Amino acid sequence: DFVLKDFSIAKQIDLVSASLEELLPEAEKAGVVMCLENIWFSGCMPDVLLTLKKRFPTPFLGFCYDSGHAHIISSVTKALFVSFNKFICQVFPPTV
C-alpha cells in the first residue's frame with residue numbers, strides 16, 4: 001500500500017469507521033448518500049468496503065465503483081462483485 005502501509009487492514013477499518021460514525025448522521029440529516037470508492041490499496045478492496053457496509057447498514061452509505069481500479073485489483077471475484085454491486089451509487093467507466 002502506498003498510502004497507509006504502516007496500518008493494518010483492521011486499523012484502516014477502525015479509522016474509517018470512526019470517521020463514518022461522525023459523518024453518517026450528518027449525511028442522513030442532509031439527505032446525502034456518502035460513497036466509498038474501490039481504490040487500489042488494500043483498505044479499499046470490495047471485501048473491506050462490504051465489512052464497513054455491514055457495520056453501517058444505512059442507505060446513506062454506498063459505493064463508487066471505478067472499473068479501472070477494479071481492473072488493477074484483479075483479485076476481485078465475480079461473487080464478491082455481485083455482493084458489492086447492490087450498494088453502488090456511482091460508476092466510473094474506464095477511460096482511454
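The structure is a predicted model, in which local features need pLDDT of at least 70 and side-chain atom pairs count only at pLDDT 80 or more, while totals for chains, interfaces and linings use all residues. Residues are numbered from 1 along each chain as its sequence is written, and side-chain values use heavy atoms, with hydrogens and water left out.

The axes of α1 (residues 9-30) and α2 (residues 46-55) come within 11 Å and cross at roughly 40°. That angle makes α1 oblique to α2. For readers new to the terms, axes are lines fitted to C-alpha atoms, for helices over the stretch in contact, and angles run from 0 to 180 degrees between N-to-C directions. Angles under 35 degrees count as roughly parallel, over 145 as roughly antiparallel, 65 to 115 as roughly perpendicular, and the rest as oblique.

Which residues bring α1 and α2 together? On the α1 side they are Ile 9, Ile 13, Asp 14, Val 16, Ser 17 and Leu 20, and these meet Val 48, Thr 51, Leu 52 and Arg 55 in α2. Sorted by class, this contact of α1 with α2 has 6 nonpolar, 2 polar and 2 charged residues. Here Ala, Val, Leu, Ile, Met, Phe, Trp, Tyr, Cys and Pro count as nonpolar, Asp, Glu, Lys and Arg as charged, and the others, Gly among them, as polar. Contact means heavy atoms within 4.5 Å.

Two residues of α1 can be set side by side. Ser 17, found in α1, counts as buried at 4% relative accessibility. Apart from neighbours within four places in sequence, Ser 17 is in contact with Leu 52, Arg 55 and Phe 56. Glu 21 also lies in α1, but counts as exposed at 55% relative accessibility. Glu 21 and Arg 55 are 34 residues apart in sequence, and their C-alpha atoms are 9.9 Å apart in space. The word buried means under 20% relative accessible area, exposed means over 50%, and partly exposed is in between (1.4 Å probe, protein chains only).

The largest nonpolar core has 11 residues in all: Ile 13, Leu 20, Leu 24, Leu 36, Val 48, Leu 49, Leu 50, Leu 52, Phe 56, Leu 61 and Phe 63. Such a core is a set of buried Ala, Val, Leu, Ile, Met, Phe, Trp, Tyr and Cys residues joined through side-chain atoms within 4.5 Å. Two or more residues of this core come from each of α1, α2 and β2 (61-66), and α2 gives the most, with 4 residues.

Where does Leu 36 sit? Leu 36 lies in strand β1 (residues 34-37) and is buried, with a relative accessible area of 16%. Not counting residues up to four places away in sequence, Leu 36 touches Leu 20, Leu 49, Leu 52, Leu 61, Gly 62, Phe 63 and Cys 64. One of the partners of Leu 36 is Leu 49, a residue of α2 that is buried with a relative accessible area of 2%. Leu 49 and Gly 62 are 13 residues apart along the chain, with 9.2 Å between their C-alpha atoms.

Across the whole protein chain there are 4 helices and 3 strands, running α-β-α-β-α-α-β from the N terminus on. Helices (H or I, at least four residues) and strands (E, at least two) are DSSP runs, numbered from the N terminus. Buried residues make up 32% of the 96 residues. Among contacts with a separation of 6 or more, residues 24 or more positions apart account for 78%.
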